[in-house]
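Dear colleague,

I am handing over the structure below, and after it you will find an account of what turned up when I went through it. Please read the notes alongside the coordinates.

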Amino acid sequence: MLEQTVQYILSGLTIGSIYAIAAIGYNIIYNATGIINFAQGEFIMVGAMTAITLSAFLPLPLAILFAVIITALLGALIEICCIRWLDRPSVLRMIIITIGLSILIREAALHIWDEKVRSLRFFTGNEVSSVSVFGAHISPQVLWVLGICALIVVLLNVFFKYTLTGRSIRACSSDKMAASLCGINTRNMVTLSFMLSGAIGALAGCVISPITQTQYDCGTHLAIKGFAVAVFGGLGNSMAAVAAGLIVGLLETFSITVMPLAYTDAISIAILLLVLFFRPSGLFGNREAGRLKEF
Amino acid sequence: MIRVRNLESGYGALRVLKGVSLHVDKGEIVTIIGANGAGKSTLLKTLASIVRPRSGTILLNRAPVVRSSAETIVAMGCSLVPEGRHVFGAMTVVENLALGAYIQYKRGKKYEIEEDLPYVFSIFPTLLARKTQLAGTLSGGEQQMLAMARALMARPGLLMLDEPSMGLAPLMVKELFSVVRRLRDEGKTILLVEQNAKAALGVADRGYVLETGRIVLEGASRELLDNKDVQRAYLGKEYRKINE
């Protein structure tokens with residue numbers, strides 16, 4: 001019984017942390033621009049697919065590194081081509097643009113990689129190797145996922161709190177005019193946040209690929225879950241997204257014990273709807289902070 | 001320091017500035033006074049390139065800057081403290097100041113930044129006590145101080161202040177003007193926009209009177225204070241009193 005519970009918890013935390021990373025990707029761009037970037041899921045897919053292709057002729061760490069860089073460049077390209085030149089776009093226009101981009105990237109991926117399901121090599125061991133944690137047997141890849149997601153969160157925090165560039169991005173999200181009066185090039189900061197968002201999406205895609213596998217359209221699924229988690233935690237609040245992601249992951253996994261497997265996806269959508277009905281500011285969306293951040 | 005000739009500016013179809021010319025020399029404090037809607041804030045925003053001018057020339061240290069971006073203007077040594085403070089509310093006082101020094105970091109002047117931080121704290125001791133507090137939780141006057149301190153961190157050659165006294169208690173206004181006076185004594189160049197004409201003319205060397213987008217009067221502060229039209233329109237004195 002205990003082993004089974006540990007098993008569920010670990011697998012819940014694993015998918016939860018991927019949702020959290022997807023949600024943080026949303027939040028970074030949302031904070032910098034006020035845009036929900038619906039192409040966020042595609043960053044995850046492109047990152048994983050690129051790494052899979054590159055891993056055929058490069059060692060795994062290098063393949064992942066290049067995949068992250070390429071996806072970050074894709075993020076920059078999207079911003080420079082489709083977002084930068086818009087002068088105060090309406091929210092609806094931005095939503096349509098990013099949804100359009102997500103379809104475009106997905107179809108392009110279909111042409112580049114076809115519709116086969118692929119996966120990246122396991123980082124250590126293979127499909128059958130396992131480590132035992134409190135009696136539960138899990139793939140070492142689960143530890144990789146948890147470790148890398150935790151690392152991403154810590155590094156992002158340090159970046160936003162203590163580096164000048166990170167602070168500048170926060171300044172742009174807090175007050176664009178004041179930021180440019182400090183001499184900050186706000187447009188470049190927006191490009192940078194798209195790159196950052198692309199990079200962490202790609203890294204999440206790579207680390208999850210051995211477990212969940214990757215297909216040209218797997219981004220949509222993660223995008224919806226990530227979006228639900230971002231809203232659940234409170235849009236723009238990355239730390240809340242981590243907590244919300246883990247909660248959603250655990251709820252999904254434990255729902256299997258009481259409901260048929262097919263209903264797991266309904267859980268996060270149900271949460272999204274409930275939050276939007278009853279607490280649109282999100283679980284941890286604090287009114288005080290909301291006022292300070294000028295959402 | 002800055003020379004403006006025939007500047008026209010506005011928002012959309014609205015023409016706010018209709019050919020404004022003025023200049024500020026190094027070490028001077030110049031004030032622009034005028035009623036609500038005269039175009040004072042638009043003038044400063046245009047000088048800071050937040051609003052793009054329609055026509056006219058702006059020379060900053062003899063270099064034309066009409067097509068420059070706002071951040072280039074800051075890099076050229078002209079900082080604006082905008083109306084309504086615009087501090088970064090969700091960040092601490094120290095973080096706000098660090099961002100004010102952004103351009104100094106870019107110039108690679110780490111050493112100067114370390115000097116400037118105690119310097120601005122010496123001007124605004126209240127900020128030192130509130131160092132780690134979130135800027136959004138400060139009082140209006142403290143936020144105004146923070147906004148000025150943040151601009152000073154860039155070591156601007158020209159500091160432009162837009163209505164620093166707006167919405168503040170009289171005691172706080174007094175304190176802010178004593179800071180302006182201190183900055184003047186240190187030889188800073190300041191362009192001050194104010195509705196509080198009396199206080200502004202009290203610290204400034206020269207002044208311009210802006211009315212519906214045009215400069216209608218200019219001169220030394222003393223002359224403007226003695227000018228009958230200025231007294232009636234901006235200093236709240238009656239004809240009768242003037243004639244007495």
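Two residues are taken to be in contact if their C-beta atoms, placed from the backbone, lie within 7 Å. Please also keep in mind that this is a predicted model.

B:Leu191 belongs to strand β8 of chain B, which covers residues 189–194, and, once its neighbours within four places in sequence are set aside, B:Leu191 is in contact with B:Val24, B:Val30, B:Leu158 and B:Met160. B:Leu191 counts as buried because it has 25 C-beta neighbours inside 10 Å, where 20 or more are required. B:Ala233 lies 42 residues from B:Leu191 along the chain, and the C-alpha atoms of these two residues are separated by 21 Å.

Chain B as a whole is divided by the domain assignment into domain 1, made of 1–77 + 158–244, and domain 2, made of 85–155. The C-alpha centres of domain 1 of chain B and domain 2 of chain B are 24 Å apart, and the contact between them draws on eleven residues from domain 1 of chain B and eight residues from domain 2 of chain B. On the side of domain 1 of chain B that touches domain 2 of chain B, at least two residues each come from α2 (70–75) and α8 (170–185) of chain B, and α8(B) gives the most, with four residues. By type, the residues of that side of domain 1 of chain B comprise nine nonpolar, one polar and one charged.

Also in chain B, helix α3 (residues 93–100) packs with helix α7 (residues 140–152) at an angle of about 35°, their axes being 7 Å apart, and the crossing of α3(B) and α7(B) is right-handed. From α3(B), the residues that make this contact are B:Val93, B:Asn96, B:Leu97, B:Leu99 and B:Gly100, while α7(B) brings B:Leu146, B:Ala149, B:Arg150 and B:Ala151. Sorted by type, the residues of the contact of α3(B) with α7(B) are six nonpolar, two polar and one charged.

Turning to chain A, you will find twelve helices and two strands, which follow one another along the sequence in the pattern α-α-α-α-β-β-α-α-α-α-α-α-α-α. The radius of gyration of chain A is 19 Å, which agrees with a compact globule, because a globule of 295 residues would have a value near 19 Å. Along its principal axes, the C-alpha trace of chain A spans about 60 × 45 × 35 Å. Of the 295 residues of chain A, 49% count as buried, and of the contacts in chain A between residues at least 6 apart in sequence, 77% join residues at least 24 apart.

Within chain A, the axes of helix α1 (residues 2–33) and helix α10 (residues 238–258) come within 6 Å and cross at roughly 140°, and α1(A) passes α10(A) in a right-handed crossing. The contact of α1(A) with α10(A) involves 15 nonpolar, nine polar and one charged residues.

Finally, where the two chains meet, 18 residues of chain A are in contact with 25 residues of chain B. On the side of chain A that touches chain B, α6 (164–174), α7 (176–181) and α12 (287–293) of chain A each supply at least two residues, and α6(A) gives the most, with six residues. The residues of that side of chain A divide into nine nonpolar, five polar and four charged.

With best regards

Technical notes. Residues numbered from 1 in each chain as written. Chains lettered and ligands numbered in written order. Predicted model: local features only at pLDDT ≥ 70, side-chain atom pairs only at ≥ 80, totals over all residues. Domains from an automatic or database assignment. Nonpolar A, V, L, I, M, F, W, Y, C, P; charged D, E, K, R; others polar. Rg over C-alpha atoms; globule rule 2.2 N^0.38 Å. Buried ≥ 20, exposed ≤ 12 C-beta atoms within 10 Å, placed from the backbone. Axes fitted to C-alpha atoms, helices over the stretch in contact; angles between N-to-C directions. Left-handed = near helix turned anticlockwise from the far one by under 90°.
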